[in-house]
Amino acid sequence: MKPVALFTALSLSLAIAGNAMAQQAAGDPARGRTVYARCAACHDLNTGATRLGPSLKGVVGRTSGTMPNFNYSQAIKDKAVVWNAETLDGFLSGPSKYIPGNRMAFPPLANPQDRADLIAFLTQSAR
Ligand code: HEC
């Protein structure tokens, strides 16, 4: 391969890889809906109703531990983190590590794509 052709091939594959990464970060809300099935037993999405956990209505942009009518742990109230794509990703990748002492009995959501898809779904639908 001539240097110019090699360079073109390289930048093309870099562009494709970069595009794939951007898509992964954005997440697929349709896929996220199926991931949310794991949360639905404990979390209402839109009505504000309390289940085993607080409603996730309007969760993106809300401060942790502030849904009315839910008896939160002191740990999640003291954390006072604003839920956004980054903080939700941190929490869901290891709930008890991110907020030690919180009462959400749920294992880490280990797959980054699952988390990105779920967060895209919550951003769109948890209103
Ligand atoms: C077994 C029940 C249960 C499951 C399943 C569960 N959660 Fe929770 N979740 C809770 C409880 C209980 C709390 C409140 C924890 C506390 O007060 O320390 C909570 C808190 C939260 C919070 C913080 C809410 C706030 O108002 O600050 C978020 C965000 C959250 N969960 C998202 C999820 C997502 C997304 C899933 C699915 C991947 C999930 N949870 C699965 C029970 C659950």
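A polar contact here is a pair of N or O atoms within 3.5 Å; within protein, one must be able to donate a hydrogen and the other to accept it, and residues adjacent in sequence count only if both atoms are side-chain atoms. This is a predicted model, so local features need pLDDT of at least 70 and side-chain atom pairs count only at pLDDT 80 or more, while totals for chains, interfaces and linings use all residues. Residues are numbered from 1 along each chain as its sequence is written, and side-chain values use heavy atoms, with hydrogens and water left out.

View 1. Arginine 103 brings a backbone N or O atom to 2.7 Å from an oxygen atom of the ligand. Serine 73 does it with its side chain, where an N or O atom is 2.5 Å from a ligand oxygen. For histidine 43, look for a polar side-chain atom 2.8 Å from a nitrogen atom of the ligand.

**View 2. The shell around the ligand.** There are 25 residues around the ligand, and Cys39, Cys42, His43, Ser73 and Met104 come nearest (a residue is near if one of its heavy atoms lies within 4 Å of the molecule). The shell splits into 16 nonpolar, 6 polar and 3 charged residues. In this count, Ala, Val, Leu, Ile, Met, Phe, Trp, Tyr, Cys and Pro are nonpolar, Asp, Glu, Lys and Arg are charged, and the others, Gly among them, are polar. Helix H4 gives the most to this shell, with 3 residues.

**View 3. The largest pocket.** The ligand sits in the largest pocket (more than half of its atoms lie within 2 Å of the grid points). This pocket has a volume of about 570 Å³, the space filled by probe spheres set on points joined across faces, edges and corners. On a 1 Å grid over the protein atoms alone, a pocket is an open set of points where a 1.4 Å probe fits, with protein on both sides within 12 Å along at least five of seven lines; lining residues have an atom within 4 Å of a point. The lining has 19 nonpolar, 7 polar and 3 charged residues.

**View 4. A salt bridge.** Arginine 31 and aspartate 114 pair up through their side chains at 3.0 Å, N to O (the cut-off is a Lys or Arg side-chain nitrogen within 4 Å of an Asp or Glu carboxyl oxygen). Arginine 31 is in helix H2 (residues 29-36) and aspartate 114 in helix H6, 83 residues apart; helices are DSSP runs of H or I, at least four residues, numbered from the N terminus.

Notes: Helices (H or I, at least four residues) and strands (E, at least two) are DSSP runs, numbered from the N terminus.
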